[in-house]
Amino acid sequence: MTTLEDCRALDAQDPLRALRDQFTLPEGVIYLDGNSLGVLPKAAPGRIAEVVAKEWGEGLIRSWNTASWFDLPQRLGDKVARLIGAAPGEVVCTDSTSVNLYKVLFAALSQQKDSGRKLVVSERSNFPTDLYIAESLCRERGFTLKLIEADELPAALSGEVAVLMLTHVNYRTGAMHDMKAITAAAHAAGALTVWDLAHSAGAVPVALNESNADYAIGCGYKYLNGGPGAPAFAWVHTRHAGKFEQPLSGWWGHAAPFEFTPHYRPAPGVGRYLCGTQPVIALAGLECGLDTVLAAESFNGPNGAMAALRTKSLALTDLFIALVEQRCAGQGLALVTPREHARRGSQVCLSRDEGAYAIVQALIARSVIGDYRAGDSLKETPDRSQVSLSPSGGGLGVPSPGGPGLPDILRFGFTPLYLGFEDVWNSVEHLVQVLETGEWRRAEFNRKNAVT
């Protein structure tokens, strides 16, 4: 049985514990929702104030040159590249995840337009914006979107598939795909791959070039700590960089935007993914967030920041799973996230037949901040009346991650930059109290907020 003292000893031995000092965390808050919105870097308010007061206020339009505003998307893109297994010059930070997905999926479909392939394949449990964007593009371009379960993936890669569009780490379950193996299978079938790294970048090691992926996009405000609505990023493999089409051909993606010519000429490489004038203040905040993640490089040398962060992330999530198993038995919880390290992102998701939303709200009232994701009411779900955190990663009677009949989810993200082992112990202690006392049944915890 792991004890509080054991957790404190682990914190004392943690080589990454000093990284927490980079962040502003309210006293007494245990923040387990960095997979939705990262914590504020201490450097961000001052840097944003400097951009506003000095670079904008005093430098005015000169700051596009004197403060290097103009190259912010590429400069920040090079920082992201260090976290996702890409090379300098292959990534730009710009626009939102949804807009970037539209761009890269359009590009992939354009490459396949004369192939005779008419299917775009994705998981039914993919994040909704990915499915909505794909549905819209397929309708516009004459393709068909086919949704499958995760275990149907190998059989779904037929000769009709033009593009395989997947999120690397599933947002609901924390289940992680084998990017290299799946990309190879897609290529063997003649399909291109589009990867969403929203729950991967800054959370787990990603190797885009080593995996030979085609296109990828990702989020700036989750594990990258860029602030609410921070710019996202886009990547394209160099073999496609000079020939893909950009559907949003704005002036910032022009080869020479300040020539002001009447006809569009795309910038070389990934630069053509830019569209309109870039949001300088938001990019300044994102850079502060990226620097908090890259600070972990000093603990891992040439292997990069992510190897060190991944080691701690797995230790934190292992501990959380073990403590829930030890201390919450008989409370109707089941593990949805895979137990295997190779299949797990940096979050742990639990399901419960009754009260999942209210339990999360009761925890938030105790300053233990996680979040809730609604289940799938369209399909029958198996019986999950008993708790069982099985070695295979699925609780007794619980569908495998991404499978049919998804239950209501209590979702907890573990960001090793600012979370410690004592935080994990205390979060489970609060969960035990909420469950054992029935505190979650109170009316105020059962009223749905607009944002869940």
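Mentor: Let us start with a cut-off: a residue is called buried when its relative accessible area is under 20%, exposed when that area is over 50%, and partly exposed in between. By that rule, 57% of the 452 residues of the chain count as buried. Please keep in mind that this is a predicted model.

Trainee: How do you know how confident the predictor is in this chain?

Mentor: Confidence is given for each residue as pLDDT, on a scale from 0 to 100. The chain averages a pLDDT of 92, and 93% of the residues score at least 70. Over residues 377-403, however, pLDDT stays under 50, although the model has 75 contacts there beyond four places in sequence.

Trainee: What makes the radius of gyration of the chain agree with that of a compact globule?

Mentor: The globule rule takes 2.2 Å times the number of residues to the power 0.38. For 452 residues this gives a value near 22 Å, and because the chain has 22 Å, the two agree. Along its principal axes, the C-alpha trace spans about 70 × 55 × 45 Å, and the chain holds 13 helices and 15 strands.

Trainee: Why is the pair of E149 and R124 called a salt bridge?

Mentor: The term asks for a side-chain nitrogen of Lys or Arg within 4 Å of a carboxyl oxygen of Asp or Glu. The partners are 25 residues apart and link distant parts of the chain, with E149 in the loop between β6 (144-148) and α7 (153-156) and R124 in the loop between β5 (119-123) and α6 (128-141).

Trainee: What makes R442 and E444 another example of a salt bridge?

Mentor: Their side chains meet at 2.6 Å, N to O, and that value lies within 4 Å, so the name applies. R442 counts as partly exposed because its relative accessibility is 41%, and E444, at 37%, is partly exposed as well. Elsewhere, salt bridges that share partners join D71, R75, K79, E287 and D291 into one network. A search of the whole structure finds 25 salt bridges.

Trainee: Why is L32 called buried, and which residues is L32 in contact with beyond its neighbours within four places in sequence?

Mentor: L32 has a relative accessible area of 1%, which is under 20%, so the term buried applies. This residue is found in the loop between β2 (30-31) and β3 (40-41). Leaving aside neighbours within four places in sequence, L32 is in contact with residues including V368, F412, G413 and L419. The C-alpha atoms of L32 and G413 are separated by 4.7 Å, while the two residues are 381 residues apart along the chain.

Trainee: What makes T173 buried too, and what does the side chain of T173 reach?

Mentor: T173, in the loop between β7 (161-167) and α8 (179-188), has a relative accessible area of 1%, and because that is under 20%, T173 is buried. The side chain of T173 reaches the backbone nitrogen of A175 at 3.1 Å.

Methods. Residues numbered from 1 in each chain as written. Predicted model: local features only at pLDDT ≥ 70, side-chain atom pairs only at ≥ 80, totals over all residues. Heavy atoms only, no water. Contact = heavy atoms within 4.5 Å. Helix = DSSP H or I, 4+ residues; strand = E, 2+ residues; numbered from the N terminus. Buried < 20%, exposed > 50% of the residue type's maximum accessible area, 1.4 Å probe, protein only. Polar contact = N/O pair within 3.5 Å; in protein donor to acceptor, adjacent residues only side chain to side chain.
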